[in-house]
Amino acid sequence: MSDYLPGGIILEILRRLPIKSVIHCCLVCRSWKSLIESSTHLRRKVQPNNQNEPYFLLLKPPSQSLNWSLWDLGEYITIENPYRHLTESVFPRNENKIIVNNFNVVGTCNGLVCFAFDFKYYGSTAVIWNPSIRKYVSLPWRRISNPKNGSVFNIASYAFGYDSRTKDYKVLRTVSDFGRETEVWSLARGTWKILRRPKDFPSRGDNVRYAFVNGAVHWVHHRRRDQKDDAIVDTSIVLFDMSTELYRETRMMPEDLRGKQCHISRYMESIGLFTGTVLESNKSSIDVCVMRDYGAVQSWTKLFTLPTYLEGTELEPFGFKKNGGEAVFKMSGTGERVITVDLKTKKVGEFAINDEYKYYDFLDCFAESLALLGHVKSF
Amino acid sequence: MSTPAENEASIKQESGPSGTVQDKPKKIVVRTGDGEVFELKEEVAMEMETIKTFFMEDNISYETVMPLTNVDSWELVKVIEYCSKYVELKNKENFHKELKAFQDEFVKSMSPKTLLSLSNVANYLEIKYFLDFICQAIADHIKSKDVEYVRELFGVENDFTEEEYEMAKTEAPWAHENLDKDLY
């Protein structure tokens, strides 16, 4: 065979390299650099067993470091706390020497992490960060005109997802109380675009959970009687399609969970719901239900009920492990920790990297990625 | 390990009236770019999509000798070796364990340059699992090597200007440290 190796084969080799090596190979020659930078959307094929998303990204409370852990092999890597650098991008001149310790983590997608920051008098913005290659992109500031009374922080809510049709990353931002406007930012466009939000659709004021599944952001939406009466009239799952940039109300909400407070989460390629029930005094439980076939409302199955009997503790669901084998919860109160429940055996375990790292603010499935390579701003 | 001589076979004589489709002989004959003729077992040949398509699409008789002009004989020998083993182990219980052991030996016997040649062949013959394996082997080999080594191996010239090169380096300086500088 001739010596010439087509680009397709070079890519097959590069996909199997650790990220550091791939970036180093950008120095081989111009065509390799260009080949690598134009193929960042390709899924990486890293051992073991070419699992997609073998990692967990774990964020500890502010002023601590960020870790990510290779779940199955029990290893972890500590990565530099990006908050200092993110502060520089958010306040480039920082004349008032503002120190930002805490960004909200919006979510992760394909190895990118989205942080958001709202500050009543300065406006709001978001940053998309790739911890694998240490690059980030900061989104343009949004001014908030006529900020209403109330909370100084977190008056906008965000969702982060991926449009697989145009291979573009997008951030959705909704601000409560400000008409029916929503905005979408896309990495390709680099700007915010204002959209009209249909009447009666989510206008959340805080970072309510969403699940990014099947190319769309999904929320649980409670329709309340009216502005004054908080009683829930109906509950549905609504979605925002990242590709068409349209809202849609679905019929996916299971009948018996309507009216209840639910946490929505991604479950493999579909959706799961965690609902809390208060039993007798001081006792409550969490039901874990999943929609086995995405879109098929009759496929909702209750997997188990987790009692939360311990005094003084609160259990908050993080979500599910990528392969659907375990549900993960954050336990706060006395003895903060992360616990896991095996969905088959119902066995409860504890997730801890070591004695020091037991409590996390954010936990999600994660994969190394080259996305953002070729974009500005790295550290 | 088989050699061309062992695999060489005379072209089959026509045996009277042509048989029905079911009477096809179970061997497939190919000719490599350097003129060697190989006789392959059907089950091994069918692991290679290119060969499979050639015969299946137009229902070409197995009497035909398929030309594989882009493949050298030593390369085909290696491909046959791997695919035969794969087919043999495929339905066994400790498939993964035994395949891994075979893969480790297979890689040991080859230089990086030969692995590159085989990746091209695997691609041309469209043998997905073999291509995956070879690419992984090459990736494992170059993962801690520095850029000079990679250029030498792939036969690629550095066409960056000094400035461009330094700029590219500063984009992610942490990625270009602590690498092997050995050339061989």
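Helices, here runs of at least four residues in DSSP state H or I, are numbered from the N terminus, and on this basis B:Asn59, which takes a positive phi of about 50 degrees, lies just after H3(B). The model described here is a predicted one.

Helix H3 of chain B spans residues 49-57, and among its residues B:Thr50, B:Ile51 and B:Phe55 are buried. Seen down the axis of H3(B), the buried residues fall within an arc of 120 degrees, so that they line one face of the helix.

The loop that runs between H2 and H3 of chain B holds B:Glu47. With a relative accessible area of 17%, B:Glu47 falls under the 20% limit and is therefore counted as buried. The side chain of B:Glu47 is in polar contact with that of B:Lys90, at 3.4 Å. When residues up to four places away in sequence are left aside, B:Glu47 touches B:Cys83, B:Tyr86, B:Val87 and B:Lys90, and also B:Glu126, B:Ile127 and B:Tyr129.

Chain A consists of 379 residues, of which 53% are buried, and its secondary structure comprises four helices and 24 strands. Of the contacts in chain A with a separation of 6 or more, 48% are made by residues 24 or more positions apart.

Between the two chains, 30 residues of chain A are in contact with 40 residues of chain B. The size of an interface is often given as the accessible area lost when the parts come together. For chain A and chain B the buried area is about 3200 Å², with carbon and sulfur atoms giving 63% of this area. Nine residue pairs are in polar contact between chain A and chain B, counting pairs in which both residues are at pLDDT 80 or more, and the salt bridges between the chains number three. One salt bridge joins the side chains of A:Arg16 and B:Asp132, with an N to O distance of 2.9 Å. On the side of chain A that touches chain B, the elements that give two or more residues are helix H1 (7-14), helix H2 (19-25) and helix H3 (30-37) of chain A. By class, this side of chain A has 15 nonpolar, six polar and nine charged residues.

Conventions: Residues numbered from 1 in each chain as written. Chains lettered and ligands numbered in written order. Predicted model: local features only at pLDDT ≥ 70, side-chain atom pairs only at ≥ 80, totals over all residues. Heavy atoms only, no water. Buried < 20%, exposed > 50% of the residue type's maximum accessible area, 1.4 Å probe, protein only. Arc of directions from axis to C-beta. Contact = heavy atoms within 4.5 Å. Buried area = accessible area lost by both parts, 1.4 Å probe. Salt bridge = Lys/Arg side-chain N within 4 Å of Asp/Glu carboxyl O. Polar contact = N/O pair within 3.5 Å; in protein donor to acceptor, adjacent residues only side chain to side chain. Nonpolar A, V, L, I, M, F, W, Y, C, P; charged D, E, K, R; others polar.
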